[in-house]
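Reader: I would like to go through this model and ask what each label rests on. Please give the value and the cut-off each time.

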Amino acid sequence: MKKLLLSILAVATFQMARADEGMWIPSLIGKNYNDMVRMGLKLTQDDLYNINHASMKDAIVQFNGGCTGEMISGSGLLLTNHHCGYDPIASLSTVEKNYLDNGFWAYSHDQELPAKGVSVLYLQHIDDVTAEVMKAVGKSTGEKYAKKFEAVKKKIEDRAAEGGKYVVSVKDYFNGNQFFLLVYKKYTDVRLVGTPPKSLGKFGGDTDNWMWPRHTADFSMFRVYADKNNEPAEYSNSNVPYQPKKFLPVSIKGVQEGDYAMIFGYPGRTNRYETSYGVDLAINEQNPDIVAIRDLRLSIMRRHMAKDKAVYLKETGLYARIANYWKYYIGQTEQLKRLNVISKKQNEESAFIKWAKVNDKASADLMSRFANIYADYKPYAKQTIFYSECFKASAVARIAAALDPLHKALDKGDKDTVKKYTDALIAARKAAMKDYDRGTEQEMLAEMAKMYYKEVPKSQHPDIYQNVIFKKFGSDNLDKTFVDYADYVFNNTMLLDDAKFDAFTKNPKKEDIANDAAAQYALSFVHNYTEFYEPKVQAFSEKKRELAKAYVGGLMKMKEGKLFYPDANSTMRITYGSVKSYRPQDGVKYDYFTTLDGLMDKYKPGSDEFDVPKELIDLYNKKDYGRYMDKDSTLHTCFITTDDITGGNSGSPVINANGELIGAAFDGNWEAMSGDIAFDKKYKRTIVCDIRFILFLIDKMGHAQNLIEEMDVHN
């Protein structure tokens, strides 16, 4: 184990890695530094990451739990993607004040709008706690390992939190071969400062999503507020703009092919060390099911959103989240097949087995053990997907499912436990009702219940179908059966009536749950899953975790002296590469940038995806680009780099060799959507909104020169 840890920490050069591949841990970035300088970086190592003085890490935040943002002024001004700000922008919008469709700009601090529920995390430092964790867990496995790990994790986190001063998390890296403690400060007073109209912030819609060329103005702006001591504080009129330790200067010089480009951010999840068995399951079983379920969900939502603007504003954020990964799974499946990833993984695994038989006999049977656990799990893979994606697609099902622990607590009569789960139910209802529309949700319940019935093996069904649905409404005409049943559920539940729900939560009773139609429906699914299938899923996950840890550990022994980067796990990473065009197919070359001319070529008046505001058309016709015009006399909208990113990197700053902000990353390209599992060295590109396009829209269309003036803009 000591030798393995040394090989992890040595961090030389991994055979499969190249400069633009890899999501590197900031505290260990010095190991990459010479390569970064070779590619053009002008900064010092301490400029990138340092815990003793301000460094670039201090300008980067995790935005609202799932995106990245960056500080672009000394007064807490924050830049992120439009799609990252989409939910809070929609929540602040009404039919009368529709900031989502019309855009919004604050011309003074008192015009900024509180974005309730939005938070940002500032990383304070990263500490390697591998030795402490390894000592505590020893050689334990399974449930014993889980208990020991949770105990030492809690001990480390409680110590580091300093009584709640910090938000802390112990995360595993390299599939459990290394552990780091992440310490953050969390700020919750965040206010909307500016957003372009949705027609620009989401220009291209689902058609252009994950595609290049791209012309989307995918940005929004917020401001972080703090108390008078610059410390986190709940929203208050007395709070003042946060003063970051570091903010990014902005360059409007533009980019050229081959320019150095670096990204800081919070990539969510990759699985680059997945085995051939996992890839096979994903592309042949799981991904097609997810796509089919989400396709139906989206079609239902579209119908109802098109009829009512208020419903549209309520549901548009949820719709965008579902649609984003609906298309993602389509693209991932297509590209994994095109790249023959299963075959390539099998070749790598064969090489590993051959090595292990000589050098690490304990690992020689790893692949056969992987094969066995996947064979055991495969019959239940569809059940797992349909439980999470189909059953829980309905808001009323999600709310009612939260009754399960409360129902069990009422049996025991412990008042504190009952209160705990009552509060959890209230929170679940509040979250689900945020996007709730009865017409949409009633149709959703009917269609999801029917789809589950048709697609999941009958032997795995919950008893609600035979004991209630078909007994009450028959089974001759399934379409009518499920429509009638959904109507029955919605008319016979307390969960959707504020007064009845409040009365129940003040005095919860088992009989009220038993007599509730929505509860009967949801708890039938919950009990079926938790009793018969969740144990199988947990056993599979635990065995897979142990095997994956051994496999990655074995690869590190096999490739000793080579640099490994860990899979993404929603912690800060640095990636670096260059601005670069590419050829997606024979006879076709994609340039490294797009222009406003290309955007206007796509313009379709009245289109949901390709319409643009009249103000932009006027500016375009006048060619009024100001100092944001490129030397080629056009306005560049987006560009691409070879940086390695994934979900969670949305909003990440793209930084040049001098440490200046040149754009905001917002997407990947279709040809490389295998990236979360298999990095494609030839085609992988990060799509970036050019900072000059962003500033042009703020300045020329938004007339928010006040925001430009507080930035440090370099010509």
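Reader: What is the phi of Asn64 in the hairpin of E1 and E2?

Author: Asn64 takes a positive phi near 55°, in a hairpin that leaves three residues between its two strands. Strands here are DSSP runs of E with at least two residues, helices are runs of H or I with at least four, and both are numbered from the N terminus. This is a predicted model, in which local features need pLDDT of at least 70 and side-chain atom pairs count only at pLDDT 80 or more, while totals for chains, interfaces and linings use all residues. Residues are numbered from 1 along each chain as its sequence is written, and side-chain values use heavy atoms, with hydrogens and water left out.

Reader: How do you know that E1 and E2 pair?

Author: Two strands pair if DSSP finds at least two bridges between them. E1 and E2 (residues 67–71) are joined by four bridges and run antiparallel, so they pair. Gly69 in E2 is the bridge partner of Val61. E1 also pairs with E6 (residues 120–128), antiparallel, over three bridges, and there Phe63 stands opposite Val120.

Reader: Which way do the side chains of E1 point?

Author: Ile60 and Gln62 point one way from E1 (residues 60–63), and Val61 and Phe63 point the other way. In a regular strand the side chains alternate between the two faces of the sheet. All four residues are buried.

Reader: Why is Tyr485 called buried?

Author: Buried means under 20% relative accessible area, exposed means over 50%, and partly exposed is in between (1.4 Å probe, protein chains only). Tyr485 has 1%, so Tyr485 is buried. It lies in helix H20 (residues 478–491). Contact means heavy atoms within 4.5 Å. Leaving aside neighbours within four places in sequence, Tyr485 is in contact with residues including Ile464, Phe473 and Tyr521. Val468 is another of the contacts; Tyr485 and Val468 are 17 residues apart in sequence and 9.2 Å apart between C-alpha atoms.

Reader: What makes Ala400 buried?

Author: Ala400 has 0% relative accessibility, which puts Ala400 under the cut-off for buried, so the label holds. The residue sits in helix H15 (residues 395–401). Beyond its neighbours within four places, Ala400 is in contact with Leu495, Ala518, Ala519, Ala522 and Leu523. Ala400 and Ala522 are 122 residues apart along the chain, with their C-alpha atoms 5.7 Å apart.

Reader: How do you know that the peptide bond from Trp212 to Pro213 is cis?

Author: Its omega is near 10°, and the bond is cis. Pro213 is found in the loop between H9 (205–208) and E10 (220–226).

Reader: What makes E20 mostly covered?

Author: Eight of the eight residues of E20 (residues 661–668) are buried. Asp667 stands opposite Ile687 in E21. The hairpin of E19 and E20 has five residues between the strands, and Gly659 in the turn has a positive phi of about 85°.

Reader: How do you know that the protein chain agrees with a compact globule?

Author: The radius of gyration is taken over C-alpha atoms, and the globule rule is 2.2 Å times the number of residues to the power 0.38. For 715 residues the rule gives a value near 27 Å, and the protein chain has 26 Å, so the two agree. The C-alpha trace spans about 75 × 70 × 60 Å along its principal axes. The chain holds 27 helices and 22 strands, and 58% of its residues count as buried.
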